[in-house]
Amino acid sequence: MPAGACPEHTAGCVRSPWPPNHGFASLRAAFAILNQAKSVLMAHRVVRTVPALRRTVMQWRMAGERIALVPTMGALHAGHLALVRAARRRARRIVVSIFVNPPQFAPHEDFGSYPRRLAADLAALADFPVDLVWAPSAEVMYPAGFASRIVPEGPATAGLEDRFRPHFFAGVATVVGKLLIQCTPDFAMFGEKDYQQLKVVTRLARDLDLPVTIIPVATVREHDGLALSSRNSYLTPIERAAAPTLHRVLVRCAGEIARGQLLARVLDEGGAEIERAGFALDYLEARHADTLKAIAARKDGPIRLLVAARIGKTRLIDNIAVSSGKVGKGPQRRGS
Ligand code: AMP
């Protein structure tokens with residue numbers, strides 16, 4: 001009998017910390033049933049029409065339950081899941097929306113190739129206390145005859161993303177406005193990863209008197225500092241190896257500015273390092289952390305450094321706070 005073979009059972013039944021083979025079979029069957037049940041439950045949680053969404057949300061409201069919305073375009077990663085966790089801390093009910101929003105992509109951008117993996121997204125959410133996945137089609141979100149648009153100003157015209165993606169914030173503001181009206185959440189979670197977007201959405205909610213609090217969530221990063229993004233999957237291995245340069249440069253620049261070095265020189269050197277790593281730089285800028293207005297010196301802060309750069313076919317963005325001298329929490333890493 002080979003080492004580890006099980007004396008009580010048939011040949012090939014190897015002793016292990018697990019139950020014997022017939023136990024395995026029943027365990028497997030039990031898992032299969034559990035998985036099926038999970039898919040059925042998950043399928044029930046996906047809502048695709050506005051009336052169905054409203055019915056559920058209305059029931060929660062009548063029960064006096066707080067609701068948090070996590071808007072996403074899917075291809076979920078640990079950054080999105082951090083938003084779900086933050087939602088959980090605020091509200092009893094969580095809605096995750098998954099919608100790749102056509103109007104925020106220009107014709108030459110990656111709407112067609114943007115990763116869409118609803119089944120994997122639902123599986124990723126299965127371990128989280130998400131009550132409902134709001135996954136409308138483009139026809140439900142923008143039915144025939146749709147003719148309205150929210151065109152934000154203020155932070156949306158700060159000369160950062162808007163300079164390179166002029167269509168972007170009207171697309172974002174319109175869909176976020178719709179999502180907030182459809183879901184009527186008490187809280188909506190947005191990542192600091194898309195810092196200008198966070199400011200645009202916060203302004204939008206205030207300007208339209210929407211009864212929602214926008215909650216910023218810190219950027220989740222890979223262990224080498226690269227901010228998680230659905231678009232990281234476009235990177236070739238060589239590009240992926242260069243990609244952490246963005247965060248490294250941001251950290252270095254933030255440190256030098258905090259130590260009082262001349263802002264313009266620090267940013268020039270940072271930009272040059274990013275280009276040496278193989279990127280085409282769209283911008284590396286120091287802005288007021290609240291208004292996003294340009295600033296020339298540290299004393300005009302609080303400062304946020306923001307960067308956007310292209311490598312191969314991929315455009316990456318990132319940002320970081322410049323310390324005002326107070327001790328803050330370090331960046332959130334994947335799995336931390
Ligand atoms: P997206 O699906 O890319 O539109 O992102 C949906 C939300 O997740 C936005 O509020 C993003 O800012 C946020 N998000 C994306 N990546 C990250 C990240 N690495 N860390 C934290 N939040 C993120």
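**Close-up views of a predicted protein model**

**View 1. Strand β10 is largely enclosed.** Strand β10 (residues 314-321) has 6 of its 8 residues buried, so the rest of the structure largely encloses it. Here, a residue is buried if 20 or more other C-beta atoms lie within 10 Å of its own, exposed if 12 or fewer, and partly exposed in between, with C-beta atoms placed from the backbone. Helices (H or I, at least four residues) and strands (E, at least two) are DSSP runs, numbered from the N terminus. What you see is a predicted model: local features need pLDDT of at least 70, side-chain atom pairs count only at pLDDT 80 or more, and totals for chains, interfaces and linings use all residues. Residues are numbered from 1 along each chain as its sequence is written.

**View 2. β9 and β10 form a hairpin.** Follow β9 into β10 and you will pass 2 residues between them; glycine 312, in the turn, has a positive phi of about 60 degrees. The two strands run antiparallel and are joined by 8 bridges. Two strands count as paired if DSSP finds at least two bridges between them. Within this pairing, leucine 306 stands opposite asparagine 319 in β10.

**View 3. The whole protein, for orientation.** The protein has 11 helices and 11 strands. Of its 336 residues, 34% count as buried. Which share of the contacts with a separation of 6 or more comes from residues 24 or more positions apart? The share is 68%, where two residues are in contact if their C-beta atoms, placed from the backbone, lie within 7 Å.

**View 4. An open sheet has 6 strands with parallel pairing.** Reading across the sheet, the order is β1-β4-β3-β2-β5-β6. β1 (46-47) and β6 stand at the edges with a single partner strand each, so one side of each is left without a neighbour in the sheet. β5 and β6 run parallel, joined by 5 bridges, and glycine 191 stands opposite valine 217 in β6.

**View 5. Alanine 188 sits in strand β5.** Is alanine 188 buried or exposed? Alanine 188 counts as buried because it has 27 C-beta neighbours inside 10 Å. Leaving aside residues up to four places away in sequence, alanine 188 touches Leu69, Pro71, Leu180, Val212, Ile214 and Ile215. Alanine 188 and isoleucine 214 are 26 residues apart along the chain, yet their C-alpha atoms are separated by 5.0 Å.

**View 6. The ligand is surrounded by 17 residues.** The closest of these are Met73, Gly79, Gly191, Lys193 and Leu228. By class, the shell has 8 nonpolar, 7 polar and 2 charged residues. Ala, Val, Leu, Ile, Met, Phe, Trp, Tyr, Cys and Pro count as nonpolar, Asp, Glu, Lys and Arg as charged, and the others, Gly among them, as polar.

**View 7. Helix α11 has a buried face and an exposed one.** The buried residues of α11 are Leu263, Val266, Leu267, Gly270 and Ile274. Seen down the axis of α11, they fall within an arc of 95 degrees, so they line one face of the helix; the arc is that of the directions from the helix axis to the C-beta atoms. These buried residues pack against α10 (245-258), β8 and β9. Turned away from that side are the exposed residues Ala264, Arg265, Asp268 and Arg276. After α11 comes glycine 278, with a positive phi near 105 degrees.

View 8. Most residues other than glycine have a negative phi, and most peptide bonds are trans. Aspartate 209 has a positive phi of about 55 degrees and lies in the loop between α8 (195-207) and β6 (213-217). Aspartate 209 is exposed, with 7 other C-beta atoms within 10 Å. Leucine 292 also has a positive phi, near 65 degrees, and lies in the loop between β8 and β9. Leucine 292 counts as buried, with 22 C-beta neighbours inside 10 Å. Proline 302 is in the loop between β8 (280-288) and β9 (303-311), and a cis peptide bond, with omega about 20 degrees, joins glycine 301 to proline 302.

Conventions. A residue is near a molecule or strand if its C-beta atom, placed from the backbone, lies within 6 Å of it.
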